Amino acid sequence: MRVEQVGDGTPEIAVVAGIHGDEPCGVRAVERLLDEPLTVDRPVKFIVANEEALDRGERFVDTDLNRAFPGESTADEHERRLAAAITAEIADCLTLALHSTQSYAEPFAVVNGIDDTARDICPQLSVAAVVETSEYIEGRIFAAGRAIEIEAGLQGSDQAEENALRIIREFLTATGVLPGDTMRRDVPAYKLLRPIDKEQAESYEVFAENFKRVDAGEPFAAADGEELTAEDDFYPVLLSPYGYANVFGYAAEKIDTL
Ligand SMILES: [Zn+2]
């Protein structure tokens, strides 16, 4: 783990990149930002989390770091110890954590509740949507402290890196770290309802588009050519053929506009 502080005093704002070693966009964005002569109005902490996994270009070494929070300093698994170290760094901070996906090119935010912080910050970020994870937060960074996760775009793409850099700047401006103003826009909010299970198969397809409503009776995915049909209307989130081992993604409902 690499920690870089900019500005004097105890930071209450943090940016965490590289939680998953196969998602380099946030790390590159943080490195680009740190290469600039940054003038800050309040201190901020930048953390490059899983350097070992990043070096290997793999999602994790022993276990998924974003399922290991708040972590355990004496654990055998690298990511559990690392989670404890990150928790100690960010426990008193509002944190922006950067990720990327195989499912959606546009950036969106993930929060563990639509609270005052989410209502204030998310409309100031260039995100297409806000997703409330509801009960699906076990072991995620939300167990370490107040956080907003960003899915910055497609894994490994240059666009995800550009998106990440823009959103870090917007977050730092919205929180008073960087001087200046942000633009506010309306952002639709969704709440995860349930995972969409994936049967064991050789090949998978996805027909539905993320954040576009699937109507009851509509086929939205297939496993080995066998179509899955929606029982009820839902909005797909993080839906992709091969992004996760056991689920296609999640079914969500639209709950609000921030
Ligand atoms: Zn990730």
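Is His 20 buried or exposed, and what is its relative accessible area?

Mentor: His 20 is buried, because its relative accessible area is 3%. Here buried means under 20%, exposed means over 50%, and partly exposed is in between, using a 1.4 Å probe and protein chains only. Before we go on, this is a predicted model, where local features need pLDDT of at least 70, side-chain atom pairs count only at pLDDT 80 or more, and totals for chains, interfaces and linings use all residues. Residues are numbered from 1 along each chain as its sequence is written, and side-chain values use heavy atoms, leaving out hydrogens and water.

Now to the zinc ion. Its protein donors are His 20 (ND1), Glu 23 (OE), Glu 23 (OE) and His 99 (ND1), at 2.0 to 2.4 Å. A donor is an N, O or S atom within 2.8 Å of the metal (3.2 Å for Na, K and Ca); water is not among the atoms, so a site may look incomplete. The arrangement is irregular because the 4 donor atoms subtend angles of 56 to 153° around the zinc ion. For four donors, tetrahedral needs all angles between 85 and 135 degrees; four count as square planar, and six as octahedral, if opposite donors are over 155 degrees apart and all others between 65 and 115; anything else is irregular.

Along the sequence, the donor residues follow the spacing H-x2-E-x75-H. His 20 sits in the loop between strand E2 (13-17) and helix H1 (25-34), while His 99 belongs to strand E4 (residues 94-101), so this pair links distant parts of the chain, 79 residues apart. Helices (H or I, at least four residues) and strands (E, at least two) are DSSP runs, numbered from the N terminus. His 99 is buried too, with a relative accessible area of 2%.

The side chains of Arg 32 and Glu 161 form a salt bridge at 2.9 Å, N to O. That term means a side-chain nitrogen of Lys or Arg within 4 Å of a carboxyl oxygen of Asp or Glu. Arg 32 also has a salt bridge with Glu 162 (2.9 Å, N to O). Arg 32 lies in helix H1 and Glu 162 in helix H5, so this pair ties together parts 130 residues apart in sequence. Arg 32 is partly exposed at 31%, whereas Glu 161 is buried at 10%. Together, Arg 28, Arg 32, Glu 161 and Glu 162 are linked in a network of salt bridges.
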